[in-house]
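Dear colleague,

Please find the structure below, handed over for your use.

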Amino acid sequence: MGLAQELGEDTPFTTISGSEVFSLEMSKTEALTQAFRRSIGVRILEETEVIEGEVVEIQIDTAVTAAEKSGGASGSSSKGGFEKTGRLTLCTTEMETVYDLGTKMIEALTKEKVTAGDVITIDKASGKISKLGRSFSRSRDYDAMGAQTRFVQCPEGELQKRKEIVHTVSLHEIDVINSRQQGFLALFAGDTGEIKSEVRDQIDAKVAEWREEGRATIVPGVLFIDEVHMLDIECFSFLNRALESDMAPVLVIATNRGISKIRGTEYKSPHGIPLDLLDRLMIVSTVSYTFDETKKILSVRCEEEDVEMSEDALELLTRIGMETSLRYAIHMIMAASLVAEKRKSGEVEIEDIKRVYTLFVDVKRSTQFLMELSKEFMFNELDAENDDDDDDDSDSDESDEEENENSTASPSKEAMEEG
């Protein structure tokens with residue numbers, strides 16, 4: 001989450017888990033392809049004509065007034081008299097113009113809650129109204145305003161302008177729009193299914209054409225794959241090829257495995273990742289937290305959980321976290337708070353930490369408990385492994401004895417032949 005926030009809103013950031021690839025109703029390579037294309041953004045530049053200015057006055061004729069006007073002019077009310085009509089007066093620092101409004105524009109202005117003094121833009125092609133803020137000249141109209149009120153300068157120049165609008169979309173969104181009959185609505189359907197390679201080739205060619213014309217730029221994003229050791233050899237081969245593309249995003253992978261088997265093979269490799277893929281990566285080494293860092297993390301966590309903890313209790317909890325794990329210490333915060341609340345105390349003390357430590361065991365104590373009482377459980381694989389080891393030892397002993405017998409028998413035979 002921190003990495004995504006630092007990159008900003010315009011940079012695509014996609015995160016998946018290695019096990020997700022096998023749970024989707026599509027092939028593994030298709031799932032990875034969609035993840036890659038979600039992480040590649042296209043910034044499209046589009047020129048459009050807009051009307052931008054400060055609202056001076058809005059006049060709306062209600063249905064009753066319009067009916068009266070039509071009735072007074074012709075002597076009878078007509079059907080068209082009940083439609084809403086109005087006038088909108090916009091100005092800049094150099095000019096002022098009055099525009100006639102229809103029913104749809106009146107509804108759009110009402111929906112955006114546009115009032116006199118607001119600075120707005122109107123897209124001439126679509127009729128979309130966007131409120132930029134409130135003019136500085138109207139800043140003294142009210143004694144108090146909300147914190148969300150934004151003040152802007154009155155626009156300069158002419159009301160009608162040509163403006164560049166930037167749309168940032170991902171390649172996957174363009175794929176879905178062009179491969180489904182619903183078009184843009186297909187993005188809200190959820191499961192998009194597999195997309196034909198021909199569609200992607202046409203889109204790549206079109207995007208390359210836009211790049212040459214200067215209408216679009218590529219925004220390489222970040223693809224984060226957690227538990228990457230869950231991928232198999234086919235997925236790793238695909239990643240090798242996909243990283244060679246000139247539009248490939250930054251690939252960040254994470255794993256907690258040591259020397260382990262590559263899924264789908266019998267070969268072992270560091271982190272369960274093939275060596276040819278490891279050679280393409282910049283490996284970031286991690287170190288354990290120090291005592292002060294662990295204490296700071298637990299202190300921040302206490303603030304987030306709204307738990308008051310004494311300094312001695314925090315010191316003890318930090319020591320427990322260093323000996324066991326940070327996750328275990330974090331889980332103890334809320335449990336210790338409940339124990340302190342039960343004894344009607346507003347602050348967690350050492351005795352509360354000790355109480356929780358005796359009630360809930362960590363992984364090391366749980367493992368030790370299982371080792372000591374392994375024979376008391378109904379099913380235990382540890383004894384079976386020991387039996388297998390004993391059988392292997394006995395088999396090796398028997399084979400050694402047979403080799404010794406053969407080695408002692410062979411000289412006597414040679415001696416007999418010599419005799």
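Please note at the outset that this is a predicted model.

I begin with the largest pocket. By class, its lining comprises 13 nonpolar, four polar and one charged residues. The volume of this largest pocket is about 560 Å³. It is lined by 18 residues, and those closest to its centre are I253, L281, M282, I283 and V284. Which element gives the most to this lining? That is strand 11 (residues 250-254), with five residues.

Strand 11 also belongs to a sheet. Three strands, in the order 1-10-11, make up this open sheet, and their pairing is parallel. Strand 1 (13-17) and strand 11 are its edge strands, each pairing on one side only. On average, neighbouring strands here are turned by 15 degrees against each other, with direction ignored. Helix 3 (residues 28-38) packs on this sheet, where it touches strand 1 and strand 10. The direction of helix 3 makes about 155 degrees with that of strand 1. Within the sheet, strand 10 (residues 222-226) pairs with strand 11 in the parallel sense over five bridges. I225 stands opposite I253 in strand 11, and I253 is also among the residues closest to the centre of the largest pocket.

With which strands does strand 2 run antiparallel over five bridges? One is strand 9 (residues 216-220), joined to strand 2 by five bridges in the antiparallel sense. Another is strand 5 (residues 118-123), which is likewise antiparallel to strand 2 and joined to it by five bridges. Strand 8 (residues 160-170) runs antiparallel to strand 2 as well, and eleven bridges join the two. Strand 3 (residues 85-91) is joined to strand 2 by seven bridges, again antiparallel.

Individual residues of these pairings can be located as follows:

- R43 stands opposite T217 in strand 9, and R43 also stands opposite T168 in strand 8.
- G53 has I120 as its bridge partner in strand 5.
- V55 has L90 as its bridge partner in strand 3.

The axes of helix 11 and helix 13 (residues 350-359) come within 8 Å and cross at roughly 30 degrees. Angles under 35 degrees count as roughly parallel, and helix 11 is therefore roughly parallel to helix 13. On the side of helix 11, the contact is made by D312, A313, L316, L317 and I320, while helix 13 contributes I350, I353, K354 and Y357. These contact residues divide into seven nonpolar, no polar and two charged.

The other contact is with helix 12 (residues 326-342). Here the axes come within 7 Å of each other and cross at roughly 145 degrees. L317, I320 and G321 of helix 11 meet L326, Y328, A329, M332 and I333 of helix 12. By class, this contact of helix 11 with helix 12 has seven nonpolar, one polar and no charged residues.

With kind regards

Key
Residues numbered from 1 in each chain as written. Predicted model: local features only at pLDDT ≥ 70, side-chain atom pairs only at ≥ 80, totals over all residues. Heavy atoms only, no water. 1 Å grid on protein atoms, 1.4 Å probe; cavity = no way out; pocket = protein on both sides within 12 Å on 5 of 7 lines; lining within 4 Å. Points joined across faces, edges and corners; volume = space filled by probe spheres on them. Helix = DSSP H or I, 4+ residues; strand = E, 2+ residues; numbered from the N terminus. Nonpolar A, V, L, I, M, F, W, Y, C, P; charged D, E, K, R; others polar. Axes fitted to C-alpha atoms, helices over the stretch in contact; angles between N-to-C directions. Parallel < 35°, antiparallel > 145°, perpendicular 65-115°, else oblique. Contact = heavy atoms within 4.5 Å. Pairing = 2+ DSSP bridges.
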